[in-house]
Amino acid sequence: MSGRWAAAPPVPSLLKVLLALQCGVVFLQCSAASSMSGDVSALLAFKRAIIDDPHSVLSDWTDADGNACDWHGVICSAPQGSVISLKLSNSSLKGFIAPELGRLSFLQELFLDHNLLFGTIPKQIGSLRNLRFLDLSVNRLTGPIPSELGGLNSVSLIDFHSNGLTGNIPPELGKLQNLVQLRLDRNRLKGSIPGSNTGSYSPTGNIGSTAHNGLCPSPRLNVGDFSYNFLVGKIPPCLKYLPRASFQGNCFQDEYSTQQRALQICISGSTGQRGGINGPKHPAHKHERMQQPTWLLVLEIATGVLLVVFVITGIVTASRSCKLKPSIRISSWNRSKSWSDEITVLIDSDMLKSLPKLSRQELEVACEDFSNIIGSSPETVVYKGTMKDGPEVSVISLCAFEGHWTSHHELFYQNKVIDLARLNHENIAKFLGYCRESDPFSRMLVFEYASNGTLFEHLHYGEGAQLSWLRRMKIAIGIAQGLRYLHTELQPPFAISELNSNSVYVTEDFTPKLVDFECWKMMFSKHEKALSHFNSKASFPGHGDSAEDKHADIQGNTYAFGVILLEIISGRLPYCKDKGYLVDWASKFLQQPEEIGKLVDPELSNVRTEDLAVLCSVVSRCIDPDPSKRPSMQIITGVLENGIDLSAAAILKESSLAWAELALAL
């Protein structure tokens with residue numbers, strides 16, 4: 001009897017085991033569900049930070065079923081598992097990198113390269129302990145590289161090339177013991193490469209070292225690129241196993257370095273500051289050039305003389321035959337033989353010659369081999385550069401090919417250059433010159449660069465405290481004054497092609513600068529309309545559009561200004577998929593004066609009710625559905641200038657901290 005009882009299994013113990021297993025399964029299921037819920041929330045935050053998705057790659061990112069594993073670009077460890085990969089390369093996404101991505105704790109791959117992402121790299125990315133591949137290259141990212149990335153214990157690839165990153169290379173990257181590839185080229189990084197300058201190092205040795213003295217030693221690093229920045233000092237000996245090309249285009253003073261920047265560019269271009277750099281005082285190496293043979297120089301001079309004689313003879317002959325008519329015959333650049341493709345147009349060539357002309361070569365050097373991209377569209381690419389004499393510039397390059405470039409395009413381009421060159425106002429980006437070359441084919445324009453980004457970035461991604469009510473009022477009045485100049489003080493008047501908060505740049509003291517980067521859409525999208533203008537010989541600046549079209553464009557600017565004022569007041573986007581159009585949302589409050597307080601950005605403090613009432617009255621008139629009822633910018637600017645008091649006395653009356661705010665804003 002006792003034997004049978006001893007042989008029988010303990011039923012209570014077995015039940016306990018089964019119950020424990022069942023609880024474990026339930027716990028794992030709950031943990032997985034909780035993890036997926038967190039991943040979905042993080043990914044939706046990323047989607048909300050994207051302001052433009054032209055290819056609709058995020059169209060299936062919805063939280064209807066709470067599962068992100070079927071979304072485009074998302075890979076999970078298993079069905080309903082954790083997100084381990086996010087691949088959205090070459091998607092033309094425009095927006096910011098949401099800090100919430102740092103909550104994807106199981107993420108192993110993050111590929112956001114070749115997009116239009118701007119803003120800074122969130123420090124929260126450094127919490128992704130399982131991340132192996134991080135590629136944010138070829139975007140418009142700015143700011144420093146977060147030192148928190150030293151916490152990416154598993155990462156083997158970091159690629160940040162072709163952005164606008166500034167600051168020093170954080171020495172914490174030396175903690176990444178698994179790092180194999182590090183690409184930081186074509187940015188605006190300064191300072192020296194962190195690392196010990198003693199000893200030497202090869203990628204095959206010293207694997208077991210645990211020292212973290214900067215990047216020396218970095219035991220597995222075999223691909224590193226630091227070229228085309230503003231790095232100074234000497235190259236650490238432990239990195240000299242890398243190719244010399246990995247360090248070119250900087251400000252090094254080292255016998256190992258080659259093809260460094262000119263000293264003047266290093267002084268003026270490092271981090272965009274006007275001061276010097278802390279490096280050795282002897283000049284950097286310049287690009288090596290081969291000396292021309294004497295016979296070749298003589299041949300070039302003789303050829304040049306013959307060419308000048310030929311050109312002068314041709315001009316004299318043409319002048320006599322045409323009786324000195326100021327017309328130039330331009331044949332179609334696509335070499336079409338059709339008679340209808342050849343037109344005679346009038347171009348004020350003397351005025352064009354009086355404008356500053358820049359060579360492609362000097363712009364290429366200023367823009368770091370055209371790697372520093374700060375904006376793009378199907379028609380243009382915008383680069384940031386630093387000229388050899390110091391000023392920072394924005395260079396607009398037209399995306400055009402010689403085979404598709406017709407005489408109509410050339411006429412539009414030249415007229416636009418003349419039109420932009422006549423603009424001269426404190427609140428309009430200053431035109432500095434143009435580039436017009438055929439080998440390689442280039443059509444570019446150069447403007448002054450406003451170093452503090454766009455109004456859009458400050459309103460929708462910057463820190464709320466930085467853009468105070470006082471600064472918003474200053475920006476609003478500055479935009480109005482710029483538009484008043486364009487619409488009423490110029491003859492013929494000038495209209496911004498696409499006026500929005502992205503076309504308003506701000507300087508360090510928050511002075512707004514209007515730009516017209518989108519005017520080139522007209523050149524390609526209104527080709528048929530342009531042909532009719534050419535046929536009527538209306539080819540001078542300001543005469544390409546009829547009076548009705550010009551008036552409609554100006555009324556469109558007035559409406560757009562009203563939308564910008566709503567953005568300034570509310571801090572909301574002009575349109576988003578979840579909330580619709582800003583104008584529609586605001587209209588119900590604008591119609592009830594007692595409700596206008598609900599329009600104000602909740603992050604704002606020291607909002608003056610008198611200013612708000614003036615702004616709302618202006619907005620209501622600017623966005624009137626009937627364009628004929630919208631007032632001129634002359635009237636609008638007068639209302640703002642008279643209704644909003646930016647004097648020190650008025651500001652001090654409103655806030656005990658007004659003096660400090662005034663000092664920061666003005």
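I will start with the sheet and its helix.

This is a predicted model, where local features need pLDDT of at least 70, side-chain atom pairs count only at pLDDT 80 or more, and totals for chains, interfaces and linings use all residues. Residues are numbered from 1 along each chain as its sequence is written, and side-chain values use heavy atoms, with hydrogens and water left out.

Five strands form an open sheet in the order β15-β16-β17-β19-β18, with antiparallel pairing. Helices (H or I, at least four residues) and strands (E, at least two) are DSSP runs, numbered from the N terminus; two strands pair if DSSP finds at least two bridges between them. At the edges are β15 (373-376) and β18 (431-438), each pairing on one side only. From one strand to the next, the twist averages 20°. Helix α7, residues 407-421, packs on the sheet and touches β17, β18 and β19. Its direction makes about 160° with that of β18; axes are lines fitted to C-alpha atoms, for helices over the stretch in contact, and angles run from 0 to 180 degrees between N-to-C directions.

Within the sheet, seven bridges join β16 to β17, and Val381 stands opposite Ser397 in β17.

Now the loop between α6 and β15, where Ser371 is found. Is Ser371 buried or exposed? It counts as buried because its relative accessibility is 6%, and buried means under 20% relative accessible area, exposed over 50%, partly exposed in between (1.4 Å probe, protein chains only). Not counting residues up to four places away in sequence, Ser371 touches Ser162 and Arg186; contact means heavy atoms within 4.5 Å.

Last, β6 and β8 run parallel, joined by two bridges.
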